[in-house]
Amino acid sequence: MSKPLVVITGASSGIGEAAARTLSAKGHPLLLLARRVDRLEALNLPNTLCRKVDVTDITTFESAITEAEAKFGPVDCLINNAGVMLLGDAHTQDPAEWNTMLDVNVKGLLNGIHLVLAGMRERKCGTIINISSIAGFKTFPNHVAYCGTKFAVHGLSETLREEVCGDDVRVIVISPGAVETELLSHTTRQDIKDGYGDWKEQMGGVLKAQDVANAIEYAYGQPQNVHIREIALTTTRQP
Ligand code: NDP
């Protein structure tokens, strides 16, 4: 039997890219979204539609989903992975940076949920996977706004889970610790980047994007009546 459609936001690098390769290898058709569409196309995965979508723009987001569903059938799983991390302290950080994080990490994620949920509830089947973070339930220095966005992901996911579980729709939160990706490069303050780099070194390394993709695959791969509500994963040495 052919596998159902999976949508992955932010699949042009890091965790999203690893999840795309992993679920494609399992035979799923994919809709991959990001602003760097050339990076999506370079993955060269079969049965895959790549579209340039900024998740904060619900109109282009919706068009891409409509196009993919016409080609591959209804969305069975949305992986809300797109995110940015602009670290800074509350009194000096440019408020434009908070706005970007809130727009992408929270509102972009809600856009995705809004676009796929009606179909999932109607079909009584579907999985939404929200990529949060250990910073979604634990605090770190210079993370005021970023932690705020990831705590929001936890809060909205739990509320959503209660709202849709009666329709057999699963809401899964994946909360990684530090992972080697492009995420830190978004931060504009060099001293914070250097400190973060030192912290990663002290721990003797961080997770690989594939480690997180494996957790996503495990949670999604359970029978529809088995709901892995959350997976939190870090290297063993991360406090
Ligand atoms: P990367 O920077 O490698 O990937 C981020 C992805 O998000 C890119 O594909 C980027 O694509 C996409 N993205 C950013 N802004 C937008 C936007 N406006 N619209 C669409 N796509 C966007 O980092 P990670 O793989 O690490 O991050 C993935 C998720 O994992 C994030 O939500 C992050 O917060 C979370 N996470 C990461 C951890 C880590 O240590 N790396 C730890 C815990 C959680 P493009 O620029 O092409 O649009």
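**Helix pair and sheet**

Helices α1 and α7 are oblique to each other, because angles under 35 degrees count as roughly parallel, over 145 as roughly antiparallel, 65 to 115 as roughly perpendicular and the rest as oblique. Helix α1 covers residues 14–25 and helix α7 residues 209–221; they pack at about 55 degrees with axes 8 Å apart. Axes here are lines fitted to C-alpha atoms, for helices over the stretch in contact, and angles run from 0 to 180 degrees between N-to-C directions. The contact involves residues of α1 including Gly14, Ala18 and Leu23, and residues of α7 including Ala209, Ala213 and Ile216; two residues are in contact if their C-beta atoms, placed from the backbone, lie within 7 Å. Helices (H or I, at least four residues) and strands (E, at least two) are DSSP runs, numbered from the N terminus.

This is a predicted model, in which local features need pLDDT of at least 70 and side-chain atom pairs count only at pLDDT 80 or more, while totals for chains, interfaces and linings use all residues. Residues are numbered from 1 along each chain as its sequence is written.

Seven strands form an open parallel sheet in the order β3-β2-β1-β4-β5-β6-β7. Two strands pair if DSSP finds at least two bridges between them.

How many of the residues of β6 are buried? Eight of its eight residues are, where buried means that 20 or more other C-beta atoms lie within 10 Å of the residue's own, exposed 12 or fewer, and partly exposed in between, with C-beta atoms placed from the backbone. Val169, Val171, Val173 and Ser175 point one way from the strand, and Arg170, Ile172, Ile174 and Pro176 point the other way.

Helix α4 (residues 95–123) lies across β1, β4, β5 and β6, at about 160 degrees to β4. Helix α5 (residues 144–164) lies across β5 and β6, at about 160 degrees to β6.

Helix α6 is hardly covered, with one buried residue among its 13. Glycine 204, which follows α6, has a positive phi near 75 degrees.
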